[in-house]
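Please consult the sequence and the structure shown below while reading.

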Amino acid sequence: MRRQTRMGLAWTLWCLWGLAQAAVSLPGAVVDGAWLKAHVDAPELVILDVQEQAQYRQHHVPGAVNIPFTRWRSGADEQPPLSLPPLKRLASLLGSEGIDRETPVIIMNTGAGPGDVAAVARVYWSLVVLGHEHMAILDGGLVDYVNRHHGAYVRGAPPNREPAMYRPRPNKQVLVTRDQLARGVTNPLLDARSLPEHVGLVAGPGDRPGTLPGARHLPFDWLVDDKGLLRDKAALDKLFAYAGIPQGGAVHFCHTGNRAALTWFADYALLGHRDARLYDGSMMEWSRDPSLPLERKLDL
């Protein structure tokens, strides 16, 4: 009897130890390299590396899984191209890497500049649409993690993980469609492209030049400092106020919904405006419909 009691106590303690080891509480929507280095071996944490496969095989955090950023966009032969893929497809990708909707996830990229930050922000947005709740992005990416925090990296193929069942709980409140915009929205509009694109001096191939009527302007790369790190909340508040959107909660757009994912991320996740939305189709979709209005601030 005593032996059974001791065995039961040992089992309980072992289970409690296992739960303590597995529990990971993300500190917010962004983690830095120091946090990741301290938690990189946490058994329930999944590091989701969105580098393209060739880059990933050259350098990645030990144990990180790889779902390249291109897999998070629809293909060039799909309509509309470069948009959010079907949620079932994304769920299958995540499940194949052992990720379910309760898995805490750290999203990371190389960290080569604002474009890399926008890519992880776009993946974060996609996970929000899927209904995921436990995720953060790694500030500064792999470059900052290795150079400033002396984190280890390895080469080679991704780890083999036991597949999981990912069951989406769609949250489409964070996206807006062309038809919704055409009918009119109450949120202010925020163009995250460059100034020449915003005023209509240049346009993407096949696009009409200009911007959405009444849109404010905040270039996405202003949100990242010269070290490739996200600016702090005080600086973001000033940037959004400068853009004429002091209260946040904007509809964000760019050319294909990639750069604007970064301004959306700042608005939604860092400034806490849960009514912020991303126009996935962005100007590539809007400007190619001649029935829809555009504002061209400079027509030279």
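Predicted model: local features only at pLDDT ≥ 70, side-chain atom pairs only at ≥ 80, totals over all residues.

How many salt bridges does a search of the whole structure find? The search finds 10 salt bridges.

**Salt bridges**

- Side chains of opposite charge can pair when their charged atoms come close.
- One of the 10 salt bridges joins the side chains of K233 and D237, with an N to O distance of 3.0 Å.
- K233 and D237 are four residues apart in helix α9 (residues 233-242), which means that about one helical turn separates them.
- K233 is partly exposed, at a relative accessible area of 48%, and D237 is likewise partly exposed, at 31%.
- E295 and K297 form a salt bridge in which the closest N and O atoms are 3.1 Å apart.
- Both partners are partly exposed: K297 has a relative accessible area of 38%, and E295 has one of 27%.
- A salt bridge also links the side chains of R296 and D299, at 3.3 Å from N to O.
- D299 is exposed, with a relative accessible area of 60%, whereas R296 counts as partly exposed at 37%.

**Aromatic pairs**

- The structure contains four aromatic pairs.
- Y124 and W264 make up a tilted pair, with 6.3 Å from centre to centre and 50° between the planes.
- Y124 belongs to helix α5 (residues 114-130) and W264 to helix α10 (residues 259-270), so this pair ties together parts that lie 140 residues apart in sequence.
- Y124 counts as buried at 7% relative accessibility, and W264 counts as buried at 0%.
- The ring centres of W264 and Y268 are 4.7 Å apart and their planes meet at 15°; the pair is therefore stacked.
- W264 and Y268 are both located in helix α10, four residues apart, or about one turn of the helix.
- Like W264, Y268 is buried.
- A single aromatic cluster is formed by Y124, W264, F265 and Y268.
- The ring of Y268 also has a charged neighbour: the charged end of R274 sits over this ring, 4.2 Å from its centre.

**Helix α10**

- Helix α10 comprises 12 residues and spans 16 Å from its first C-alpha to its last, close to the 16 Å expected at 1.5 Å a residue.
- Of the 12 residues of α10, 10 are buried, so the helix is largely enclosed by the rest of the structure.
- G272 follows α10 and has a positive phi, near 80°.

**Open sheet**

- Strands of a sheet pair through backbone hydrogen bonds, either parallel or antiparallel.
- Five strands form an open sheet in the order β1-β5-β4-β2-β3, with parallel pairing.
- Strand β2 (residues 46-49) runs parallel to β3 and is joined to β3 by two bridges.
- Opposite L48 stands V65, a residue of β3.

Conventions
Residues numbered from 1 in each chain as written. Heavy atoms only, no water. Phe/Tyr/Trp six-rings, centres within 6.5 Å; stacked < 30°, edge-to-face > 60°. Buried < 20%, exposed > 50% of the residue type's maximum accessible area, 1.4 Å probe, protein only. Lys NZ or Arg CZ within 6 Å of the ring centre and 35° of its normal. Pairing = 2+ DSSP bridges. Expected span 1.5 Å × (residues − 1). Salt bridge = Lys/Arg side-chain N within 4 Å of Asp/Glu carboxyl O.
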